[in-house]
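Colleague: Before I rely on the terms used for this protein, I would like to hear how each of them is defined and what each conclusion rests on.

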Amino acid sequence: MLGKASPIGGRLLAFILTCWIGFIAFTEPDFPLFALVAAFFAALVVFLSVLSRRPGFGLAVATFVFVAVYVTSAFKFNVAAMNLHVYDVIFYLFSVAQLSFFIETYSAAATVFGAIIAVTLLLMVISFRLETPRCFGSIGGSVAAVTALAVLIGSGMALGARKPTFFDDGRHVFSAFIGSLTDLPALMRAKGFFEISAHATLSPTVAAPITCKPGKDAPDIVLFLNESAMPEGVYPQLHYPAELAPFFRSDDGRTHRLRVETFGGGTWLSDFSVLTGLPTNTFGNLRNFATQLMTGRLRHSLPQYLKACGYDTTMIYPSLAEFAGSGRFYRAIGFDRIIDRQVHHASDDRQRDAFYYDQVVKVLDASRAKQGESGVRRPQFIVASSMSTHSPWNFRFAPEMLKKGETTRWTGDAEFDEYLWRMVLAKRDRDAFRATLAQRFPQQPFLFVNYGDHQPALTRLPLAHATEIADTGVAWQLDPASRAFETYYAIEGLNFTLKAQPPDVPILEIPHLAALTVAAAGLPLDPVFERRMWLIDKCDGLYADCKDRGAVLAFQRYMLDSGWIVQP
């Protein structure tokens, strides 16, 4: 394509390289990150040029790789609010099922991607064949290749050490992906992610099928994730309307604090911990992929246990559950049915809580209809999530729900007042839902478990750089015991008296919520949940921050030795 000694070809290569590095500067506003990404790109061009003996081809391939990363990351960010990670490439390239799902669900995008890839590959083949090979010399070529390889490794490791975010505002696409390459060894290591004690101090059991014989009055359990819900009092400077106070209380009249592992985003992290009883921080920089890594590797989780207790298990998901493999994970841990946007047909993810509560009622109605036919009652375990309180808070949500003469100017901060309005609306929707259940199922026992998945990233929070922490996904830099990780949980009954009250501890760490749910429902505790309740007492409600670290490591060894967890 370029002549053997064409000065125009050399100038054209230099021009294209300069333009592309300029584009990298546009996407990487942080100069140190830009310098590392630009060095990686230039080194990749040099390495491929020496390897193929064709500078034009080397530039074309490197450019194609970077363009593919950028376009794919932009698509992923639009769907999942995360930049591309090397695990995504592995996950999709080696999974026919996931590729098929992507093609079926995003057929237009898949067609465009396929066409672009086909045309690009054709152009690269033409470029390779038409370009005259260069002779770099054995010594010069070797030195250039080794130097380029060293720069590739060095810049990649430097970016990995900086832990570029996967939650950001859509920038830092290249630094995030290149930095994620350093996670490949962790993905391939044999020892797994779970730290364990050196010696077994809790007698292991055999991971045989879970057995459970509940009483005839086992309650239906509704586990509800309240998006960005944080109770008054976490930050004493912030005040809420009085109407919200009951929203956060349990049956004992108290507001119980919950410590999660993410701030301002990362709902799936809290969801994973509640359902599995495992912390996500143990996965390190790969914690965003905990669901994919643990699919098929858990033999004991909250839905699996409840299913063994005779429960029907249903997940009501606000978006497409199959994207990124979430649906496979939920089915693997025991959910019989997943009701996502392909089933409930929400126009978008941001529906009022009332919409998702209506889905819960539909599940209960269907269950009662089956009971009428068979004469056998099967208790229900239903997990649902809210979305109305999700960021941004720069517009009025559901203005038609304001009562006549009602004001929402509680604090004078427009963004914070909008957040509070959505919380008030969430409370009203919840109260209406429970009133509906009381009317339609007057004798049926219910257990409600509600929790906040993370704090909202509001500028009003008295937390230094709150929005920046959320936007750049650097919550991992905070102390695990930071107030930024405090939300709440509430356990209440309808036509049902809790069989176990929440523990009297300053704060509960999120992996323990599953065990409290089983205990509050009055279901028999198997050896795993007995040990989980022992751990709650031993660690005063903590898990990752338990002062008796040996107790946590002993429990995790017990789970592994017994076969309840299979190491990745």
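Modeller: Helices are DSSP runs of H or I with at least four residues, strands are DSSP runs of E with at least two, and both are numbered from the N terminus. This is a predicted model, in which local features need pLDDT of at least 70, side-chain atom pairs count only at pLDDT 80 or more, and totals for chains, interfaces and linings use all residues. Residues are numbered from 1 along each chain as its sequence is written, and side-chain values use heavy atoms, with hydrogens and water left out.

Colleague: What does that rule give for the protein, and where does Asp429 lie?

Modeller: The protein has 20 helices and eight strands, and Asp429 lies in helix α16, which covers residues 414–440.

Colleague: Why is Asp429 called buried?

Modeller: Buried means under 20% relative accessible area, exposed means over 50%, and partly exposed is in between, with a 1.4 Å probe and protein chains only. Asp429 has a relative accessible area of 6%, and therefore it is buried. Buried residues make up 52% of the 568 residues in the protein.

Colleague: What makes a residue a contact of Asp429, and which residues does it touch?

Modeller: Contact means heavy atoms within 4.5 Å. Leaving aside residues up to four places away in sequence, Asp429 touches Arg352, Asp353, Ala354 and Tyr357.

Colleague: How do you know that there are cavities, and how many does the search find?

Modeller: On a 1 Å grid over the protein atoms alone, a cavity is a set of points where a 1.4 Å probe fits but cannot get out, and lining residues have an atom within 4 Å of a point.

Colleague: Which residues line the largest cavity, and what is their make-up by class?

Modeller: The lining consists of Asp220, Leu364, Ser367, Arg368, Gln371, Arg377, Arg378 and Gln444, and helix α15 (residues 353–374) gives the largest share, four residues. Asp, Glu, Lys and Arg count as charged, Ala, Val, Leu, Ile, Met, Phe, Trp, Tyr, Cys and Pro as nonpolar, and the others, Gly among them, as polar. By those classes the lining of the largest cavity has one nonpolar, three polar and four charged residues.

Technical notes
On a 1 Å grid over the protein atoms alone, a cavity is a set of points where a 1.4 Å probe fits but cannot get out, and a pocket is an open set with protein on both sides within 12 Å along at least five of seven lines; lining residues have an atom within 4 Å of a point.
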